[in-house]
Each structure stands twice: as structure tokens, then as C-alpha cells.
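Visitor: Could you walk me through this fold, one question at a time?

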Amino acid sequence: MSNKTILLATDFQVHSTNAFECAVQLAASREAKLVVMHVCNMPDSTWGIHKHPTLHEELRGELDKLRSDHVAIERIFCVGDPGPEICKTAGDLSSDMIVM
């Protein structure tokens, strides 16, 4: 099986770390592109005083922290209902595999 695009959907929880590591290994072994996405189902808001980053800025920052020395990573952040958004993105990218 030769996968060329692997989509990882992450919620930044502890179990997502294992999924990320698995997706990196799969992408590296198949010479596939790895796309990591997070779908936020909450409207943007600040965490208090306006100097602080908004919720969406914080989540984008978490997405940017996901790095690998083995594969290049494309990142996608969007707002909506996670299930349909993940499926739509997988279709748009013609993903061969979704890792969660």
C-alpha cells in the first residue's frame, strides 16, 4: 500500500501524542505528505485580559509546536464541527489515510 497523503486530526490531548508519532512513522515509511489538522468547535475568545492570545491563537500555536525531523508537516486550523470538517478536508486533499 503506497499512501501519498496522510491526514492527522489532533485535539492536543495526551493520546494525540501517540497518534502524531504513529502518523510521522507512517508518512516517513511511505514517503507521504503529512497534514496535521485541528478543528476548533468554539468561537474565538480571549482568555482574560486583552494582552493574552485568543483561543484560536493559542490553538494555532499548539499546532505549530508539532514538528518532526523525519517528514515535512503541513498544518491546517479551522473552525467548525470536527467530524464533517475532517472528512471534508480528507476529501479535498485526496487523503489516503486518516490518523486519529
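This is a predicted model: local features need pLDDT of at least 70, side-chain atom pairs count only at pLDDT 80 or more; totals for chains, interfaces and linings use all residues.

Guide: Residues are numbered from 1 along each chain as its sequence is written, and side-chain values use heavy atoms, with hydrogens and water left out.

Visitor: How many bridges join strand S1 to S2, and do they run parallel or antiparallel?

Guide: Helices (H or I, at least four residues) and strands (E, at least two) are DSSP runs, numbered from the N terminus, and two strands pair if DSSP finds at least two bridges between them. In S2, Val-35 is the bridge partner of Leu-7. S1 covers residues 5-9, and the count to S2 is 5 bridges, in an arrangement that is parallel.

Visitor: How many residues of strand S2 are buried?

Guide: Buried means under 20% relative accessible area, exposed over 50%, and partly exposed in between (1.4 Å probe, protein chains only). S2 also pairs with strand S3 (residues 73-79) in the parallel sense over 7 bridges. S2 is largely enclosed by the rest of the structure, because the buried count among its 8 residues is 7.

Visitor: Which backbone oxygen lies 2.8 Å from a polar atom of the His-38 side chain?

Guide: His-38 sits in strand S2 and is buried, at a relative accessible area of 7%. Its contacts (heavy atoms within 4.5 Å) beyond four places in sequence include Asp-11, Leu-59 and Phe-77. The backbone oxygen at 2.8 Å belongs to Thr-10.

Visitor: Which strands do the buried residues of helix H2 pack against?

Guide: In H2, Leu-55, His-56, Leu-59 and Leu-63 are buried. Seen down the axis, they fall within an arc of 95°, so they line one face of the helix; the arc is that of the directions from the helix axis to the C-beta atoms. That buried set packs against S2 and S3.

Visitor: And what do the buried residues of helix H3 pack against?

Guide: In H3 (residues 82-92), Ile-86, Thr-89 and Ala-90 are buried. Their arc is within 100°, so they line one face of the helix. On the other side of H3, Cys-87, Gly-91 and Asp-92 are exposed. The buried ones pack against S1, S2, S3 and strand S4 (97-99).

Visitor: How many residues apart in sequence are the parts that Glu-74 and Lys-33 tie together?

Guide: Their side chains meet in a salt bridge at 3.5 Å, N to O, the term meaning a side-chain nitrogen of Lys or Arg within 4 Å of a carboxyl oxygen of Asp or Glu. Glu-74 lies in strand S3 and Lys-33 in strand S2, so the separation of the parts they tie together is 41 residues.

Visitor: Which residue is the salt-bridge partner of Asp-92?

Guide: Asp-92 counts as exposed at 56% relative accessibility. With an N to O distance of 2.8 Å, the partner is Lys-88.

Technical notes:
A polar contact is a pair of N or O atoms within 3.5 Å; within protein, one must be able to donate a hydrogen and the other to accept it, and residues adjacent in sequence count only if both atoms are side-chain atoms.
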